[in-house]
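Student: Could you walk me through the side-chain contacts here, one step at a time?
Tutor: Gladly; here is the entry to look at together.

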Amino acid sequence: MKSLFFSMLFLLSFLFFLANNGEAAVPCTTVDANAAACLGFAIGMAAKPSDACCNGLRQLAQTVKSVDDKKAICRCLKVGAKSLGIQDRFLSMIPQACNIKVDFPVSVNTNCET
């Protein structure tokens, strides 16, 4: 469960970058499931993000259909990040390590409403 929350935080930032247009927000259960494998790296317990982490983030990005989806994912990730000990220095390295283009800073301090 902890890994799901961390992964959510990163995914939130990643999804901000990838959203198109749609209607329904992405549920936290989907975010958790796709981001869970990133927790080890995000808390500093793994040397690099796993393939499962990177693949999960890519899958999550594909679910984004609207700005509301991005905001929902961000909110899910932030809730988990606060309680799981996610470290900004590791979190911010995930996009580059997974070769995922993100046009904004990835951080536990990301404002989900902008």
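**Disulfides and an aromatic pair**

Student: How many disulfides does the structure hold?
Tutor: A disulfide is a pair of cysteine sulfur atoms within 2.5 Å. By that rule, the number of disulfides in the structure is four.

Student: What kind of model is this, and how are residues numbered?
Tutor: Side-chain values use heavy atoms, with hydrogens and water left out, and local features need pLDDT of at least 70, side-chain atom pairs count only at pLDDT 80 or more, while totals for chains, interfaces and linings use all residues. The model is predicted, and residues are numbered along each chain as its sequence is written, from 1.

Student: Which handedness does the link of Cys38 and Cys53 have?
Tutor: Cys38 has a relative accessible area of 0% and is buried (under 20% relative accessible area, with a 1.4 Å probe and protein chains only). Cys53 is buried too, also at 0%. With 100 degrees about the S-S bond, their link is right-handed.

Student: Which handedness does the disulfide of Cys54 and Cys98 have?
Tutor: Cys54 sits in helix α4 and Cys98 in the segment after α7 (94-97), 44 residues apart. Both cysteines are buried. The torsion about their S-S bond is about -75 degrees, so the disulfide is left-handed.

Student: What relative accessible area does Cys112 have?
Tutor: Cys112 is joined by a disulfide to Cys74, S to S 1.8 Å. Cys74, in helix α5 (residues 67-84), is 38 residues apart from Cys112. Cys74 counts as buried at 0% relative accessibility; Cys112 is buried with a relative accessible area of 6%.

Student: How do the bonded cysteines of the protein chain pair in sequence order?
Tutor: Number the bonded cysteines in sequence order. The pairing is then 1-6, 2-3, 4-7, 5-8.

Student: Is the pair of Phe41 and Phe90 stacked or edge-to-face?
Tutor: Rings of Phe, Tyr and Trp (its six-membered ring) pair if their centres lie within 6.5 Å; planes under 30 degrees apart count as stacked, over 60 as edge-to-face and the rest as tilted. The structure holds one aromatic pair. The centres of Phe41 and Phe90 are 5.7 Å apart and their planes are at 70 degrees, so the pair is edge-to-face.

Key. Buried means under 20% relative accessible area, exposed over 50%, partly exposed in between (1.4 Å probe, protein chains only). Helices (H or I, at least four residues) and strands (E, at least two) are DSSP runs, numbered from the N terminus.
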